Amino acid sequence: MRFHFSPKTPLFSLSSSSITSLCLRPFLPSAPKSPFYPSLACHVSTGGNLRMDSTSPDPSSSSSVSVDSVADGLKNQSLREHDISNNNNMNNENKKNNGKLSLEDLNWDHSFVRELPGDPRSDSIPRQVFHACYTKVLPSAEVENPKLVAWSDSVADLLDLDPKEFERPDFPLKFSGASPLAGAVPYAQCYGGHQFGTWAGQLGDGRAITLGEIMNSKLERWELQLKGAGKTPYSRFADGLAVLRSSIREYLCSEAMHFLGIPTTRALCLVTTGKFVTRDMFYDGNPKDEPGAVVCRVSQSFLRFGSFQIHASRGGEDLGIVRSLADYAIRHHFPHIENMSKSESLSFSTGDNDQSVVDLTSNKYAAWTVEIAERTASLVARWQGVGFTHGVLNTDNMSILGLTIDYGPFGFLDAFDPSYTPNVTDLPGRRYCFANQPDIGLWNIAQFASTLMTANLISDQEANYAMERYGTKFMDDYQAILSQKLGLQKYNKQLVNKLLSNLAVDKVDYTNFFRALSNIKADPSIPGDELLVPLKAVLLDIGKERKEAWTSWVQSYIQELVASGISDEERKASMNSVNPKYVLRNYLCQSAIDAAEMGDFEEVRRLLKVMERPYDEQPRMEKYARLPPAWAYRP
């Protein structure tokens, strides 16, 4: 299946069936078809310019405290303002305790604000921000005796931060945004995005404020961002704050995903503000006051597809910003593409009738687009492997680094249901349900590719190739993951399809089933009435007919195991290394949240410790692998 762009026709007039056929819908034969892919607000004119309807009021002038003046004043508190050109000569005398640093000694760099155009204003008045990638703005969340309630030593290690810094009395003040962090230059990023398939115009960091970039001793770049730190120009009608409930979920899940081996943003710490925030949790007209909190998110970059889309949508001189932003991303986050040479011969036939060839060494933007497509495909395949549903796969929630980003109404599968969505606003159409995630990933890549085409960075053939690579990479990775989960050396499509069908029919717990499956023995002589004994704990309340269906499947599975020639012990160890015993089920999150809202954060910390070893048995922690209790099932 190939997709073709033409500047003479509307871009991405792809039918849902064509996208579905590329991804092959590797889940249930009976899975609900994707009823989404509504008409796009994004299209290309005959002149090749992307148009997205949006208003463009002129910004009004306003005065505010200057971020630059605050940053300049903090320079005297810091031992130095780190210069990227001197990274190879970092001053070791500032280090202590085996190379770990204090907050004042962190090695700051501010390449994003240094190399890209910024908003001339630095106030937080909601408005349209033009010709800029960011607005410098100070954290403004009100606090009253803020407290550090959870932290990650492993994330501190990424930053070369001494974990003893968590014990500082002023740490909660600094990471709630109430007290400036020496060396930081706070800003909010400008971006747009498609939300539920419709172009939404300018969005941006409405409640997240980036403090800057830390360069660690390995010369890795890590951005620090405070989520819930107050209003920015991108807050629209919101208050820029975050509640403890959502902050705990983001903190726990970003760390849990990392330890599952899935690319993700990280979380350094969680701080309560001591103030209350009004929220309508279920959007049902019943708001209530909830404890406020700020989570410090950490990522090598928070650039999203929407970071590029907003400038392409505005056209004109802003198309140059798309190129500048792409150059910045390649220079700092894809340097191997910058250094690519013709000698690498990365040329591929597109399969068109004219035998056109895509040469990735002749256009770095094409090579970059292909890599983003493949990273995204690999990420989605890993989500499907562990039963993770993001819930809000808008283009502004898609990382160019292929990271899981923006944890909102996420959920891990309990009972296997391809149509499962954790997002109550997604229930009518289930656009972002579990089974649709591969298709949505491709749809979002299409929007990203159209943006780069609009800025004349890639051709239609190069965009086609990137989308083809998404489909190929997804299927390769997904099939490899399913084979590993089953303990098989090669993918068996018929066996997998029948398994997924059985799981859905009987609503079998996804995580617990694959963990129990490693107990099956490769012994074809086992009597038929004993074949399901190893799965007794996960095949609950099934009648005679369904037992026969499962027995038939297990018999076919055992034949595959015998053919593989791998010992039961070796296969069990291998399967348990890819099939987690523990995942961050929503009911576990909610139990920790309920305790935290009463002032007890021990369950949050205990849950994090369990999720740091998801593939281990962890004696005495088995309760965290149990099925959800009755109260956890909510329409």
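**Close-up 1. Helices H6 and H18.** The crossing of H6 and H18 is right-handed, meaning that the near helix is turned clockwise from the far one, whereas anticlockwise by less than a right angle is left-handed. Helices here are DSSP runs of H or I with at least four residues, numbered from the N terminus. H6 covers residues 244-260 and H18 residues 602-611; they pack at an angle of about 20° with axes 9 Å apart. That makes H6 roughly parallel to H18, the word used for angles under 35 degrees. Axes are lines fitted to C-alpha atoms over the stretch in contact, and angles run from 0 to 180 degrees between N-to-C directions. Ile248, Tyr251, Leu252, Glu255, Ala256 and Phe259 of H6 meet Val604, Leu607, Leu608 and Met611 of H18, where contact means heavy atoms within 4.5 Å. These residues are nine nonpolar, no polar and one charged (Ala, Val, Leu, Ile, Met, Phe, Trp, Tyr, Cys and Pro count as nonpolar, Asp, Glu, Lys and Arg as charged, and the others, Gly among them, as polar). The model is predicted: local features need pLDDT of at least 70 and side-chain atom pairs pLDDT 80 or more, while totals for chains, interfaces and linings use all residues. Residues are numbered from 1 along each chain as its sequence is written, and side-chain values use heavy atoms, without hydrogens and water.

**Close-up 2. Helices H7 and H11.** The axes of H7 (residues 305-314) and H11 (residues 437-454) come within 9 Å and cross at roughly 40°. Phe305, Phe308, Gln309 and Ala312 of H7 touch Asn444, Ile445, Gln447, Phe448, Thr451 and Thr454 of H11.

**Close-up 3. The second largest pocket.** This pocket holds about 370 Å³ of space. On a 1 Å grid over the protein atoms alone, a pocket is an open set of points with protein on both sides within 12 Å along at least five of seven lines, a cavity is a set where a 1.4 Å probe fits but cannot get out, and lining residues have an atom within 4 Å of a point. Of its 23 lining residues, Asp509, Asn512, Ala537, Val538 and Leu627 are the closest to the centre. H14 gives the most to the lining, with three residues.

**Close-up 4. The largest cavity.** The largest cavity has a volume of about 60 Å³. Its lining includes Trp383, His390 and Met398.

Terms used: Grid points are joined across faces, edges and corners, and a volume is the space filled by probe spheres set on the points. Helices (H or I, at least four residues) and strands (E, at least two) are DSSP runs, numbered from the N terminus. Angles under 35 degrees count as roughly parallel, over 145 as roughly antiparallel, 65 to 115 as roughly perpendicular and the rest as oblique.
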